[in-house]
Amino acid sequence: MATFVDRVVLHASGGDGGNGCASIRREKFKPLAGPDGGKGGDGGSVRIVVDTQTTTLLEFHHSPHRHAASGTQGKGDYREGANGEDLILRVPDGTVVKDRQGNVLADLIGEGAEYVAAAGGRGGLGNHGLASPRRKAPGFALLGEPGEEVDFVLELKSIADVALVGFPSAGKSSLVAAISAARPKIADYPFTTLVPNLGVVQAGDVRFTVADVPGLIPGASEGKGLGLEFLRHIERTAVIVHVLDCATLEPGRDPISDLEALEAELAAYSGDLDGSGVVGGLPLNERPRLVVLNKIDVPEARELADLVRPDLEARGLQVFEISAASHEGLRQLTYALAGLVDTARRETPAPAPVRTILRPKAVDDAGFTVTRKNAGDGTFYFEVRGAKPERWVRQTDFANEEAVGYLADRLARLGVEEKLFKAGAVAGDEVRIGSEKNAVVFDWEPTLITGSEHLGGPRGTDLRFDDHSRPTRNDKRREYNERMDAKAEARAELWTERESGHWTDPEKD
């Protein structure tokens, strides 16, 4: 089973926002005291945070699907729903977040560095939040927005000062074990090192880290062997050390040819970098480097090292003859590395402070677009795209006629109807709001009949709320007197008609 993973594909989704509540407050002597539906809770977000105690992406390799908690629904009596908790994904220092196309979204370096991978949805307003002087009794609430769903790639690039590069079985792991407290696996067969190893070295007042990556072979930059899988771990290093095996028995191999093969692979890999492999302004193949001739405890290897050393120094390279087994030459090597690391740290420019860039919208920016598109079968439709219209559509409960009417009012105020007219839309044309994947499709009618006209007032009003008065004693007495006066006038009129002969007495007939 794998214990070290440095690249995973993660599927993250933010929590959904809770729905708003449509409720009417009822009190004694006030059966309709007004709307009191609360707002739904916001969904939690998926956040990626650097944790120095984490060293691998193995956790996400086993469970790549991550979901943040959703917000709860609002309730009556002005009670808001609970917000969903954020889901924090802890990653090692040096993790790079990319999309599926390979574009870098975030480069997380340093304890606490954070990136919001999938934002949670906002909770919908309750009818209390939708009430206004013109809309006193909304009979609907807004739905919560769904959380963002994102697929992205996490790549780990180790944060190290020195990278050991060499062929398989060149003695890189033995060198790390000899100069640090790291204990990598060491064996007498190629590709013993299957994962990068880090060691901390103290040389005088300078402390630095050394990374040992799996062995390179010709063609590693094209995917051969294991080198391509782990070359990303040396992109951030300040110094590169070529570890050359002077005791190899493979035919056609010698320190000079090994060095040329390693330099060619680094140059090929450096040419494929998009700028993320630049440290201190130097590309990967132009950084300070030195050569280590290893295994000089073998007599034939010492003779070969003495033979090739002048040739290597003629190329402008520092050369050290060492033995990881007998520790010969290690002290001089570690101090030389400490000097190069200290120089690189001093020459590396301090990171520039992040500037806050404000990009105000243009005065004539409506925030949405209306485009006429061909449906492919000889027909056409009108596509409406924009943050506000798409969010409003997601929040609308289409089973509620009043909510649909409210959406129509919002779109009309935003200017969607006006732009549809300008784009050539007529009643009955197909209109789609949103992306092709999840668009809301309807036949456009400039005036939507939602049934609210029967209320006798604007949409969202209730005539029962217009009468806030209670009759006083004088009002009741006045109403009683008016009613008695009306009865007396009616009796007098009937008596007058009888006296004038309009009525006859049956007994006299």
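## Val9, Val153 and the strands around them

Val9 has Val153 as its bridge partner in E8. Strand E1 (residues 7-13) and E8 are joined by 7 bridges and run antiparallel. (Helices, H or I with at least four residues, and strands, E with at least two, are DSSP runs numbered from the N terminus; two strands pair if DSSP finds at least two bridges between them.) This is a predicted model, where local features need pLDDT of at least 70, side-chain atom pairs count only at pLDDT 80 or more, and totals for chains, interfaces and linings use all residues. Residues are numbered from 1 along each chain as its sequence is written, and side-chain values use heavy atoms, with hydrogens and water left out.

E8 also pairs with E5: 5 bridges join these two antiparallel strands, and Val97 sits opposite Leu154 of E8. Strand E8 (residues 149-156) is mostly covered, with 6 of its 8 residues buried. Buried here means under 20% relative accessible area, exposed means over 50%, and partly exposed is in between (1.4 Å probe, protein chains only).

## The five-stranded sheet

Zoom out and these strands belong to an open sheet of 5 strands, ordered E3-E1-E8-E5-E6, with mixed pairing. Its edge strands are E3 (65-67) and E6 (104-108), each pairing on one side only. On average, neighbouring strands of this sheet are turned by 25° against each other, direction ignored. (Axes are lines fitted to C-alpha atoms, for helices over the stretch in contact, and angles run from 0 to 180 degrees between N-to-C directions.)

Lys98 stands opposite Val104 of E6. As background, strands of a sheet pair through backbone hydrogen bonds, either parallel or antiparallel.

Most residues other than glycine have a negative phi. Asp77 lies in the loop between E3 and strand E4 (87-91), and at 42% relative accessibility it counts as partly exposed.

Tyr78, in the loop between E3 and E4, has a positive phi too, near 65°. Tyr78 is partly exposed, with a relative accessible area of 38%.

UniProt (unreviewed entry) places the feature "binding site" at Ser173 and Thr193. A caveat on that record: UniProt positions are given in the numbering used here, feature names are shortened, and annotations may be inferred rather than shown by experiment. Ser173 is in helix H3 (residues 172-179), and its 8% relative accessibility makes it buried.

H3 packs against helix H7 (residues 330-347) at an angle of about 85°, with the axes 11 Å apart. The two helices are therefore roughly perpendicular; angles under 35 degrees count as roughly parallel, over 145 as roughly antiparallel, 65 to 115 as roughly perpendicular and the rest as oblique. Leu175, Ala178 and Ile179 of H3 meet Leu330, Leu333 and Thr334 of H7, where contact means heavy atoms within 4.5 Å. Those contact residues divide into 5 nonpolar, 1 polar and no charged. (Ala, Val, Leu, Ile, Met, Phe, Trp, Tyr, Cys and Pro count as nonpolar, Asp, Glu, Lys and Arg as charged, and the others, Gly among them, as polar.)

## H8 and its surroundings

Helix H8 (residues 387-394) and helix H9 (residues 401-414) have axes that come within 11 Å and cross at roughly 175°. That makes H8 roughly antiparallel to H9. The contact involves Lys388, Pro389, Trp392 and Val393 from H8, and Leu407, Arg410, Leu411 and Leu414 from H9. By class, the residues of this contact are 6 nonpolar, no polar and 2 charged.

Within H8, Pro389, Glu390, Arg391, Trp392 and Val393 are buried. The buried residues of H8 pack against H9 and against strands E15 (368-374), E16 (380-386), E17 (430-433) and E18 (440-443).

## The chain as a whole

Overall, the chain has 11 helices and 18 strands, and 42% of its 509 residues count as buried. Among contacts between residues at least 6 apart in sequence, 70% join residues at least 24 apart.
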